[in-house]
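Hi there,

Here is the structure I promised to pass on to you. Have a look at it first, and then read on for what turned up.

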Amino acid sequence: MNPGKLITLEGGEGVGKTTNLEMIAHYLRGQGKDVVVTREPGGTRLGEAIRSLLLNPETEPPADDAELLLMFAARAQHLDRVIRPALRAGRWVLSDRFTDASYAYQGGGRGIDRTRIQMLEEWVQGSLRPDLTLLLDAPPEVGLERARGRGAPDRFESEQIAFFQKVRREYLQLAVRFPERIKQVDATQPLAVVQSEIIGHLQCLLKSAPSPA
Ligand code: Z5A
């Protein structure tokens with residue numbers, strides 16, 4: 001059995017990750033892939049509990065290091081219980097956010113040194129990295145406007161625009177550092193255009209994937 005693939009969706013607030021997730025899953029299933037859709041922080045019962053703690057604006061605000069460590073605690077559980085078993089079984093895992101979000105939010109946004117994040121990445125993931133990361137990019141103003149009116153903002157959504165600008169800058173730098181893995185898509189375009197670009201990237205990955213054993 002060939003191992004499956006890990007695809008991650010990244011980007012700032014409201015850029016369209018959730019909107020495109022189902023389209024991607026539907027497309028890949030149409031190509032005969034067994035797809036697991038998941039998210040971070042979350043994806044397991046423990047991970048979802050950590051997510052609630054992290055996003056709830058009523059929770060005691062975590063120190064920056066505590067926030068980073070909780071993201072990786074949720075990720076360790078997610079990898080052990082969901083991602084690695086699915087990949088071993090030949091399934092394709094589609095995750096709404098993964099470790100690039102830690103670089104962007106805790107590194108870029110909060111200012112934690114990248115080498116600390118790298119250390120946790122290596123500890124928790126070993127050599128596992130996504131096979132493809134789709135970075136949906138838009139200025140924060142666009143995403144925040146799209147996300148407006150969805151109810152009370154969570155703890156991250158309550159940040160100032162300068163925070164989201166730093167997050168975006170870090171994501172764009174990651175795309176420059178890892179051009180083979182991270183494919184940037186201009187998320188300000190009409191949805192149909194965004195989706196056809198995404199499908200183009202998926203087709204490249206499908207071509208490079210060995211057919212089932
Ligand atoms: N976080 C972290 O700090 N560190 C980490 O390591 C990880 C996460 C893993 C939760 O993420 C928070 O966790 C996140 C970072 C932090 N906080 N923030 N901000 P999340 O992914 O659950 O939260 P989110 O980024 O706020 O997701 P979102 O608000 O649900 O946005 P989205 O999924 O990207 O957008 P959407 O819901 O698909 O689309 C928003 C609206 O735009 C919707 O009405 C769509 O119909 C519309 N849309 C989408 N695309 C288009 C186009 N192309 N044109 C026009 N309208 C569009």
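The ligand sits in the largest pocket. Please keep in mind that this is a predicted model.

About 770 Å³ of space lies in that pocket. Among the 35 residues lining the pocket, Glu13, Lys17, Thr18, Asp96 and Arg97 are the closest to its centre. Helix α1 gives the most to this lining, with five residues. Sorted by class, the lining has 14 nonpolar, nine polar and twelve charged residues.

Now for the ligand itself. It has 28 residues around it, and Glu13, Thr18, Thr19, Arg97 and Arg150 come nearest. In this shell, α4 (99-109) has the largest share, four residues,. The shell is made up of eleven nonpolar, seven polar and ten charged residues.

- Glutamate 13 has a polar side-chain atom 2.3 Å from an oxygen atom of the ligand.
- Arginine 51 has a side-chain N or O atom 2.6 Å from an oxygen atom of the ligand.
- Lysine 17 has a polar side-chain atom 2.7 Å from an oxygen atom of the ligand.

Taken alone, the ligand exposes 1,100 Å², and the protein buries 82% of that.

There is also a second largest pocket, with about 270 Å³ of space. It is lined by 14 residues, and those closest to its centre are Glu13, Ala147, Arg148, Pro153 and Glu157. Here α6 supplies the largest share of the lining, three residues. The lining divides into five nonpolar, two polar and seven charged residues.

Happy exploring!

Notes: Residues numbered from 1 in each chain as written. Predicted model: local features only at pLDDT ≥ 70, side-chain atom pairs only at ≥ 80, totals over all residues. Heavy atoms only, no water. Near = heavy atom within 4 Å. Polar contact = N/O pair within 3.5 Å; in protein donor to acceptor, adjacent residues only side chain to side chain. Areas by Shrake-Rupley, 256 points an atom, 1.4 Å probe, with all protein chains shown as cover. 1 Å grid on protein atoms, 1.4 Å probe; cavity = no way out; pocket = protein on both sides within 12 Å on 5 of 7 lines; lining within 4 Å. Sits in = over half its atoms within 2 Å of the grid points. Helix = DSSP H or I, 4+ residues; strand = E, 2+ residues; numbered from the N terminus. Nonpolar A, V, L, I, M, F, W, Y, C, P; charged D, E, K, R; others polar. Points joined across faces, edges and corners; volume = space filled by probe spheres on them.
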